[in-house]
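Biologist: I would like to learn how to read a structure. Can we go through it step by step?
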Amino acid sequence: MTTPSPKIRWTIFAVIALLALAVRLPQLGERPMHTDEAVNGYLIGDLLAGKAFHYDPQDRHGPVLYLLAKPIAQLEGAKDLAGLTESELRLTPVIVGSTMILMFGAAVEMFGFIPCLVAALLFAFGPLPVYYSRYFIHETLFVAATFGLMLCGWRAIRTNSLLAAALTGLCAALMLGCKETAVIHFFALALAVFSGGVITHIVQVPRAKIVAMSFGVFIGATILLFTWGGQNWAALGDLGHAVSRFAARAGGEGHQKSFGYYFEVLDPLFIFFLVAAAGFYAAICDAAAKVRAASVMIAIYGVATFVIYSAIPYKTPWLALNLWLPLALLCGLGVEAIWLQFANANGRWIVGVGFAALMIATGQQTKVFVFDKPVDEKNPYAYAHTGEDILRLPERLEELAKARNLSQPRIAVVMADAWPLPWYLRKFSNTGFWQPGQETGAADFFITPSDVEMKDYRPDIFGVRPNVLICLWRPETNTPAAQP
């Protein structure tokens with residue numbers, strides 16, 4: 001198939017990007033906030049209150065998500081934590097995930113038109129990317145920055161462009177500023193470039209000025225990001241501590257999964273893997289013919305990242321989004337390879353109809369997992385997800401406070417891990433959080449785990465996550481209760 005003219009090509013990818021945006025926007029605020037989303041939302045509330053971002057290598061990630069989300073939330077009218085909404089926060093990954101479709105248009109010179117078109121469609125409508133581009137976490141931004149690094153790095157090496165080199169360094173800094181797992185992808189990309197060059201005998205050593213520009217921008221942008229524009233220089237030392245923390249977390253910490261876990265998350269029926277296998281074979285053929293070195297490199301990168309992520313015991317479904325990028329491009333290469341096997345129009349019609357049927361089935365999965373059953377326990381993407389029952393908690397507190405004529409009820413939350421309650425109680429300004437056994441003083445209402453007993457108080461029970469219940473304790477009289 002002849003590559004369309006630039007005008008037609010960009011029109012096609014722009015239309016797909018707009019359709020991707022249209023798919024991602026409906027019901028954006030209806031799904032309950034996952035604990036990770038709630039934590040990130042709370043940090044945005046701190047930024048809206050005028051506080052600077054402080055990098056925490058223990059349980060947080062880098063500043064890029066917050067740097068983008070704060071102004072977007074402000075443009076939507078958010079002024080403080082109490083006024084923040086789920087849709088205001090989730091619009092950031094929605095915009096990034098939709099805009100990323102345009103990057104496939106820029107990748108046509110690397111991978112070809114059909115592979116990029118197929119990959120763009122899989123990113124626009126696949127259940128995994130749609131689900132997590134409506135999730136207020138770092139992953140969608142991280143994958144977009146990774147793709148940007150590929151595109152800019154390729155152009156910098158091929159054209160010796162200083163601008164492309166600077167953008168390469170910036171994308172690498174954005175990756176690290178999203179998640180510390182960027183080091184895995186730096187390694188995999190370096191392996192892919194080196195091995196792909198050796199295999200295809202197409203080795204292009206970047207000039208010293210290109211390397212210097214990329215590295216310089218990477219260092220400078222990383223410092224600016226993590227110090228929050230120079231406001232927190234201790235973050236650079238904390239970033240060094242993130243290595244040991246990352247190594248400890250990789251061991252599992254309760255999130256251990258089998259080696260084959262990502263097969264189930266990405267493609268339980270193995271259809272995409274079969275098409276990607278054809279793409280991998282086509283990439284090897286390209287290597288033998290010494291053409292399209294990028295296809296060889298994406299094949300090596302895809303295998304490397306898949307093996308590394310599968311070998312690490314710590315696994316969550318959103319991490320699979322990092323594997324969806326090479327899988328989608330390899331699927332595109334596979335569709336192109338199958339397409340080219342047919343010389344006549346009838347055969348190519350069959351390929352086209354078959355891919356259309358696959359996209360329809362994919363769209364049906366997206367409808368079920370993203371919109372119909374977004375927090376269902378059988379949904380492979382709803383991992384330890386907050387249940388819809390928690391949405392009753394703030395409504396019930398408002399009802400009880402009104403009945404007792406309390407304009408600002410004092411709420412004591414006594415739990416070892418209270419998340420995502422700080423998000424759902426954000427409109428109750430007189431709320432405190434304590435660890436079990438700590439002194440709370442008197443309160444109008446208490447919230448505790450379901451295994452706590454309080455005499456002379458009535459509990460309302462709420463489900464937080466699967467098999468996790470909490471109690472809202474309300475006293476029999478209007479006298480503030482003592483602590484549990």
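This is a predicted model: local features need pLDDT of at least 70, side-chain atom pairs count only at pLDDT 80 or more; totals for chains, interfaces and linings use all residues.
Modeller: Start with Thr362. Its relative accessibility is 2%, so Thr362 counts as buried. The cut-off for buried is under 20%.

Biologist: Where is Thr362 placed?

Modeller: Thr362 is in helix α17, which covers residues 345-372.

Biologist: Which residues is Thr362 in contact with, leaving aside neighbours within four places in sequence?

Modeller: They are Phe125, Gly126, Pro127 and Phe272. Look at the side chain of Thr362 too. One of its polar atoms lies 2.9 Å from the backbone oxygen of Leu358.

Biologist: Now take Leu469. Is Leu469 buried or partly exposed?

Modeller: Leu469 has a relative accessible area of 44%, so it is partly exposed. That class runs between 20% and 50%. Leu469 is found in strand β5, residues 468-475.

Biologist: What does Leu469 touch, not counting residues up to four places away in sequence?

Modeller: Leu469 touches Pro449, Ser450, Ile461, Phe462 and Gly463. Leu469 and Ile390 are 79 residues apart along the chain, and their C-alpha atoms are separated by 9.7 Å.

Biologist: Next, helices. How do I describe two that pack together?

Modeller: Two packed helices are described by the angle between their axes and the distance between the axes.

Biologist: At what angle do the axes of α2 and α3 cross?

Modeller: Helix α2 (residues 35-48) and helix α3 (residues 64-75) cross at roughly 65 degrees, and their axes come within 10 Å. Angles of 65 to 115 degrees count as roughly perpendicular, so α2 and α3 are roughly perpendicular to each other. Their crossing is right-handed.

Biologist: Which residues of α2 and α3 meet?

Modeller: From α2 come Asn40, Leu43, Ile44, Leu47 and Leu48. From α3 come Leu65, Tyr66, Ala69, Lys70 and Gln74. This contact has 7 nonpolar, 2 polar and 1 charged residues.

Technical notes:
Residues are numbered from 1 along each chain as its sequence is written. Side-chain values use heavy atoms; hydrogens and water are left out. Helices (H or I, at least four residues) and strands (E, at least two) are DSSP runs, numbered from the N terminus. Buried means under 20% relative accessible area, exposed over 50%, partly exposed in between (1.4 Å probe, protein chains only). A polar contact is a pair of N or O atoms within 3.5 Å; within protein, one must be able to donate a hydrogen and the other to accept it, and residues adjacent in sequence count only if both atoms are side-chain atoms. Contact means heavy atoms within 4.5 Å. Axes are lines fitted to C-alpha atoms, for helices over the stretch in contact, and angles run from 0 to 180 degrees between N-to-C directions. Angles under 35 degrees count as roughly parallel, over 145 as roughly antiparallel, 65 to 115 as roughly perpendicular and the rest as oblique. A crossing is left-handed if the near helix is turned anticlockwise from the far one by less than a right angle, and right-handed if clockwise. Ala, Val, Leu, Ile, Met, Phe, Trp, Tyr, Cys and Pro count as nonpolar, Asp, Glu, Lys and Arg as charged, and the others, Gly among them, as polar.
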